[in-house]
Amino acid sequence: MQRFNILFLGGSKRISLANYFKDAARELNLKTSIFSYELKGNHPFQAVGEVIAGMKWNSKDIYAHLQQIIKKKRINLVVPCTDQSVLLLPKLNSFNKKKICVTSSLELNKIFFNKIKANKYFENNKFGLIPSIKKKSYPKFIKPINGSSSINTHKITNKFEYNFFKKKYDLNKFIIQEFIDGQEYSIDAYVTQNNIIAGIVPRLRIITSGGESTVTKSVKNNSLSEIVKNIIIKSGLKGPLTLQFIKRKNEYFFIEINTRLGGGVGCSINSNFNVPKIMIKDILNKKILPLKSFKETLTYKFYAETSLQKKHNY
């Protein structure tokens, strides 16, 4: 049985995702070990794989350290689980004879990591975009230029709240847009290293917590799928993608693109879009057939306890 080892970057709480990759490897008749690169501390990932103590994503020595781990653990596939870790992937690929991840270019990854650059990119390419808002207009939606998980996002409803915000925060680190009240969607997609769109699955974001969908439903939405297909083709995006839009009346507005697997991807996986299996096959240069249909699926996330015991003698 062929061995195939997987390294998550920042996969501390991604227990379900790790299990999806294990199941996919098993279906492909591969023997796998799974690891996650983390800062020192306690991580739930220990319940499903091995945690490797690592460095901060911006450390000057991180590439050398990751290369040591990739060689020592014989890693075949690297899976980024945080926005900053995505920026490491193109250079990691260049260090290895065989690709260890399928990802977009460093230039594109940097664009979509920065909300202002992403908005300019969408504006220049005439993609749908949430409009910027005039100073005296309310409500506003304010979010960090470099941020994720909906951390430090704010709905501002009046001048008093806006003035309070300005005193507390540096506005130069935020982007200010019109607040749009509508239905939010996440779209899971994957583009192979040979530029084949392996699948596009829209999901309703029904309930969210910390920027991730805790209740989500995959839905067939041809209009939104075509918008995403057009963005992918024009941009040259590759690898796993999570795009977010909001719909007001009959118009879709772009929120953001993450060039990695989203927190709600399990819903798409259970809808017949097995992204972990596709990612493994892509690295192994196996034939990948584009997704023709999927089952609409409602997915709930719930909290589970994991106990990690260490023997003590008294």
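1. In the lining of the second largest cavity, the residues divide by class into five nonpolar, one polar and three charged, where Ala, Val, Leu, Ile, Met, Phe, Trp, Tyr, Cys and Pro count as nonpolar, Asp, Glu, Lys and Arg as charged, and the others, Gly among them, as polar. This cavity has a volume of about 40 Å³, and β14 gives the most to its lining, with four residues. A cavity is a set of points, on a 1 Å grid over the protein atoms alone, where a 1.4 Å probe fits but cannot get out, and its lining residues have an atom within 4 Å of a point.

2. The model is a predicted one, in which local features need pLDDT of at least 70 and side-chain atom pairs count only at pLDDT 80 or more, while totals for chains, interfaces and linings use all residues. Residues are numbered from 1 along each chain as its sequence is written, and side-chain values use heavy atoms, with hydrogens and water left out.

3. At least two lining residues come from each of α3 (83–86), α5 (106–113) and β14 (251–258); helices (H or I, at least four residues) and strands (E, at least two) are DSSP runs, numbered from the N terminus.

4. Nine salt bridges are found in a search of the whole structure, each being a side-chain nitrogen of Lys or Arg within 4 Å of a carboxyl oxygen of Asp or Glu. One of them joins Arg203 to Asp188, with the closest N and O atoms 2.7 Å apart. This pair links distant parts of the chain, since Arg203 is in strand β11 and Asp188 in strand β10 (residues 183–191), 15 residues apart. Arg203 is buried at a relative accessible area of 2%, and Asp188 is buried at 1%, where buried means under 20% relative accessible area, exposed over 50%, and partly exposed in between (1.4 Å probe, protein chains only).

5. Arg26 also forms a salt bridge, with Asp23, the closest N and O atoms being 2.8 Å apart. Both residues lie in helix α1 (residues 15–27), three residues apart, about one turn of the helix. Arg26 counts as exposed at 55% relative accessibility, whereas Asp23 counts as partly exposed at 35%.

Conventions
On a 1 Å grid over the protein atoms alone, a cavity is a set of points where a 1.4 Å probe fits but cannot get out, and a pocket is an open set with protein on both sides within 12 Å along at least five of seven lines; lining residues have an atom within 4 Å of a point. Grid points are joined across faces, edges and corners, and a volume is the space filled by probe spheres set on the points.
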